[in-house]
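Here's a quick briefing for anyone meeting this structure for the first time. Have a look at it, then read on.

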Amino acid sequence: FQITITVCSQMGSLGISIAGGKGSSPYKDNDEGIVIARLPKDGPADVAGVQAGDRAAEVDVNVECV
């Protein structure tokens, strides 16, 4: 299943480390997907509900945070 989560940066950081992606070393096997590898506890992504191992299906950098 897929859900949408909005993560607003704090001091220029989303608080995530990613792995994989097209043209990068695969995170697992031959998978070119983008996977959330690490995130600090209580960082913006953690607070938004992102977890290590989640896959990013789409990234939209044009979201306005208030």
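Follow the protein chain along its sequence and you get the pattern β-β-α-β. That comes to 1 helix and 3 strands, where helices (H or I, at least four residues) and strands (E, at least two) are DSSP runs, numbered from the N terminus. What you're looking at is a predicted model, where local features need pLDDT of at least 70, side-chain atom pairs count only at pLDDT 80 or more, and totals for chains, interfaces and linings use all residues. Residues are numbered from 1 along each chain as its sequence is written, and side-chain values use heavy atoms, with hydrogens and water left out.

**How confident is the model?**

- The protein chain has an average pLDDT of 78, and 89% of its residues score at least 70; pLDDT is the predictor's confidence in each residue, from 0 to 100.

- The 3 strands make an open sheet, ordered E1-E2-E3, with antiparallel pairing.
- E1 and E3 are the edge strands, each pairing on one side only.
- E1 (residues 17-20) pairs with E2 over 4 bridges, in the antiparallel sense; two strands count as paired if DSSP finds at least two bridges between them.
- In that pairing, Ser-17 sits opposite Arg-38 of E2.
- E2 and E3 are also antiparallel, with 2 bridges, and here Val-35 faces Arg-55 in E3.

**The largest pocket**

- How much space does the largest pocket hold? It's about 1000 Å³.
- A pocket here is worked out on a 1 Å grid over the protein atoms alone: it is an open set of points where a 1.4 Å probe fits, with protein on both sides within 12 Å along at least five of seven lines, and lining residues have an atom within 4 Å of a point.
- Grid points are joined across faces, edges and corners, and the volume is the space filled by probe spheres set on the points.
- The lining has 27 residues, and the closest to the pocket's centre are Ile-5, Ala-56, Ala-57, Glu-58 and Val-59.
- Strands E2 (34-38) and E3 (55-56) each give at least two residues to that lining.
- By class, the lining splits into 18 nonpolar, 5 polar and 4 charged residues; Ala, Val, Leu, Ile, Met, Phe, Trp, Tyr, Cys and Pro count as nonpolar, Asp, Glu, Lys and Arg as charged, and the others, Gly among them, as polar.

**Burial and contacts overall**

- The protein chain has 66 residues, and 17% of them count as buried; buried means under 20% relative accessible area, exposed over 50%, and partly exposed in between, using a 1.4 Å probe and protein chains only.
- Take the contacts between residues at least 6 apart in sequence: 34% of them join residues at least 24 apart, with contact meaning heavy atoms within 4.5 Å.

**Arg-38 and Ile-16**

- Arg-38 belongs to strand E2 and counts as exposed because its relative accessibility is 57%.
- Leaving out residues up to four places away in sequence, Arg-38 touches Gly-15, Ile-16 and Ser-17.
- The C-alpha atoms of Arg-38 and Ser-17 are 5.1 Å apart, though the two are 21 residues apart along the chain.
- Ile-16 lies in the segment before E1, and at 34% relative accessibility Ile-16 is partly exposed.
- From Ile-16 to Pro-40 is 24 residues along the chain, with 7.3 Å between their C-alpha atoms.

**Other residues to look up**

- Asp-42 sits in the loop between E2 and helix H1 (44-48), and has a positive phi of about 70° despite not being a glycine.
- Is Asp-42 buried or exposed? Asp-42 counts as exposed, at 55% relative accessibility.
- Gln-2, in the segment before E1, is exposed with a relative accessible area of 61%.
- Gln-2 and Arg-55 are 53 residues apart in sequence, and 9.4 Å apart in space from C-alpha to C-alpha.
- Asn-30 is in the loop between E1 and E2, and is exposed at 74% relative accessible area.
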